[in-house]
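Let's go through this model together, one label at a time.

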Amino acid sequence: MTHPTQPSTPALNRGTLSRQLVLRVTGLVALVAILLSALTTFATSQILTQQLDNQLVTQAGRFRSDFDDDRGPSLGDGVGQQSGVIVFQSVVRSGTRYVRAFYNGPDGQQLLSAAVREQLAALDTDGARVVRLEGLGAYRLLIKTSSSGVNVIGLPMARITEPIAGQLAAAGVLTLGAIAISFLAAREVVARSLAPLNRLAATATSVSNLELERGEVAVPVRVSTSDADPVNEVGRVGLAFNHMLDNVEGALAARHESETKVRQFVADASHELRNPLASIRGYAELTRRERDSMTPNVAHALSRIESESDRMSTLVEDLLLLARLDSGPSLDLQPTDVTVLMLNAVSDARAAGPDHEWALSLPEEPVFARADRYRLHQVLANLLANARTHTPPGTRVEAALRVEGTDAVITVSDNGPGIPEEIRPRVFERFTRADVSRVRRQGGSSTGLGLAIVAAVVGAHGGRAEVASRPGHTVFTVRVPRAAAQG
Ligand SMILES: Nc1ncnc2c1ncn2[C@@H]1O[C@H](COP(=O)(O)OP(=O)(O)O)[C@@H](O)[C@H]1O
Ligand SMILES: [Mg+2]
């Protein structure tokens with residue numbers, strides 16, 4: 001019996017409920033964490049851009065309008081002091097262009113390169129925008145144009161992108177952490193909640209491995225009371241499962257009891273019939289001495305009584321044997337030489353059926369089987385009797401023995417007419433037989449129990465009986481386990 005082992009953490013195999021639950025929970029947490037990071041990053045970038053714009057507007061508001069003919073437009077108080085700021089003014093006054101273009105870098109104010117000046121001079125629409133400046137990177141620029149020229153003030157976008165990059169990195173780390181933690185937590189929670197279900201499955205498996213077909217059957221397994229708590233869902237399944245097992249056990253016990261009663265009745269009845277039958281046969285035999293003084297009719301009637309009571313004795317013995325085999329092991333299993341059994345059985349058959357052709361093929365070495373010698377002899381006798389009584393004279397019957405793995409295999413084959421098709425599938429069932437008159441003609445007595453006994457006896461040996469039959473070729477095969485030692 002195999003019991004599934006109980007994993008402390010769920011084996012996240014493909015298709016398991018554990019895997020689905022854990023993956024879904026983790027996926028959900030990942031989704032939420034990523035959404036949250038994206039949202040906060042977006043909000044932060046909005047706020048920072050707004051701040052940058054405010055600073056630019058404040059600075060731009062300080063540009064002064066007074067003008068010095070030597071130096072061009074004057075710069076407002078505090079304009080151009082912030083680190084990284086760029087200022088660009090290009091104004092035409094009385095036919096002269098005045099340009100101020102500097103960048104407040106780490107080493108103080110520096111003149112903007114010609115390329116950048118060109119880029120800035122080309123700007124002609126008012127407003128704030130991001131421009132990538134040659135050699136300086138991305139800048140947020142506030143542009144103000146007038147009829148006389150353009151004023152531009154700008155701050156580096158790095159003031160926004162750097163904190164955002166930092167925040168993104170932090171959010172990434174947090175998201176990964178959240179995913180890892182939720183994966184571990186979900187796995188643990190799922191393991192705990194599904195453990196009772198696994199135990200339930202283990203119990204169900206062990207029940208399904210019980211052999212409930214025959215005999216007295218107890219169902220010794222139950223779901224433990226802690227797993228059969230009606231408060232939770234799995235517990236309710238456990239409880240229902242236990243009730244079901246109680247029910248099954250009750251039903252099996254009832255079935256077993258009624259079967260036992262029937263078997264006992266058949267055994268008792270057969271047993272009780274033996275004595276009166278013996279008396280009838282005895283009295284019939286007594287009258288035989290006085291047959292000469294009887295009228296032929298009476299003599300015939302008496303001989304019929306004799307033969308029918310013989311037949312009935314056979315029937316009763318067969319029924320008794322079947323009833324015994326049904327009610328459990330009643331065989332005396334000993335290492336038995338099957339070759340000897342076959343020799344005897346075939347020589348009996350040859351004597352009983354001199355009109356048939358008999359053949360026997362045996363291996364060189366004796367073959368031992370764990371068998372009840374009388375019962376196995378009966379199996380052989382039944383098969384050989386069938387080959388004799390259900391086939392016409394002249395039929396060739398061959399009995400053979402061979403060894404196949406751990407089995408001794410006996411075959412009885414004949415080239416007679418074969419088993420009638422309509423009874424072929426159930427020849428091993430009780431009271432299955434074909435046209436009785438044909439058997440009578442050949443001097444046999446047919447009960448329909450011969451092959452049922454073969455099947456029951458061979459089954460009780462732990463073996464198997466089979467038949468293959470077509471007109472002209474019928475083979476009965478009987479396998480019994482070989483004996484390890486001889487005795
Ligand atoms: N070798 C055989 N050839 C043809 N028919 C057979 C053979 N063996 C068995 N049968 C058929 O199977 C039936 C069942 O056999 P069995 O159980 O021994 O009952 P019985 O011999 O008492 O009729 C027989 O009645 C017969 O019709
Ligand atoms: Mg028979």
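Helices here are DSSP runs of H or I with at least four residues, numbered from the N terminus. This is a predicted model, and Phe42 sits in its helix H1.

Q: Why is Phe42 called exposed?
A: The label exposed is kept for residues over 50% relative accessible area. Phe42 has 52% relative accessibility, so it counts as exposed.

Q: How far is Phe42 from Ile164, in sequence and in space?
A: Phe42 and Ile164 are 122 residues apart in sequence, and their C-alpha atoms are 8.9 Å apart in space.

Q: What makes Leu17 partly exposed?
A: Partly exposed covers the range between the buried limit of 20% and the exposed limit of 50%. Leu17 has a relative accessible area of 44%, and therefore it is partly exposed. Leu17 belongs to helix H1, which covers residues 17-61. From Leu17 to Ser258 there are 241 residues in sequence and 44 Å in space, C-alpha to C-alpha.

Q: Why is Ala269 called partly exposed?
A: Its relative accessible area is 28%, which lies between 20% and 50%, so Ala269 is partly exposed. You will find Ala269 in helix H4 (residues 233-288). Ala269 and Val316 are 47 residues apart in sequence, with 8.8 Å between their C-alpha atoms.

Q: How do you know whether Thr203 is buried or exposed?
A: Buried means under 20%. Thr203 has a relative accessible area of 11%, so it is buried. Thr203 is part of helix H3 (residues 158-208).

Q: What sets the phi of Ser94 apart?
A: Most residues other than glycine have a negative phi. Ser94 is not a glycine, yet its phi is positive, near 50°. Ser94 lies in the loop between strand S3 (86-93) and strand S4 (96-105). With a relative accessible area of 74%, which is over 50%, Ser94 is therefore exposed.

Q: Which value of phi does Phe431 have?
A: Phe431 has a positive phi of about 65°, although it is not a glycine. Phe431 is in the loop between strand S13 (407-414) and helix H8 (436-441).

Q: Why are S4 and S5 said to pair?
A: Pairing requires at least two bridges. S4 and strand S5 (residues 108-111) have 4 bridges and run in the antiparallel sense, so they pair. Gly105 has Gly108 in S5 as its bridge partner, and a hairpin of 2 residues joins S4 to S5.

Q: How do you know that S6 and S7 pair?
A: Strand S6 (residues 127-133) and strand S7 (residues 137-146) are joined by 7 bridges, against the at least two that are needed, so they pair. The two strands run antiparallel, and Gly127 stands opposite Ile143 in S7. Their hairpin has 3 residues between the strands, and Gly135 in the turn has a positive phi of about 80°.

Q: How does the span of helix H7 compare with the expected one?
A: Helix H7 (residues 373-389) has 17 residues and reaches 24 Å from its first C-alpha to its last, close to the 24 Å expected at 1.5 Å a residue. Buried residues in H7 include Leu376, Leu380, Leu383 and Asn386.

Q: Which residues come nearest to ligand 1?
A: Of the 17 residues around ligand 1, Asn386, Ser446, Thr447, Gly448 and Leu451 come nearest. The shell divides into 7 nonpolar, 8 polar and 2 charged residues.

Terms used
Residues numbered from 1 in each chain as written. Chains lettered and ligands numbered in written order. Predicted model: local features only at pLDDT ≥ 70, side-chain atom pairs only at ≥ 80, totals over all residues. Heavy atoms only, no water. Expected span 1.5 Å × (residues − 1). Buried < 20%, exposed > 50% of the residue type's maximum accessible area, 1.4 Å probe, protein only. Near = heavy atom within 4 Å. Nonpolar A, V, L, I, M, F, W, Y, C, P; charged D, E, K, R; others polar.
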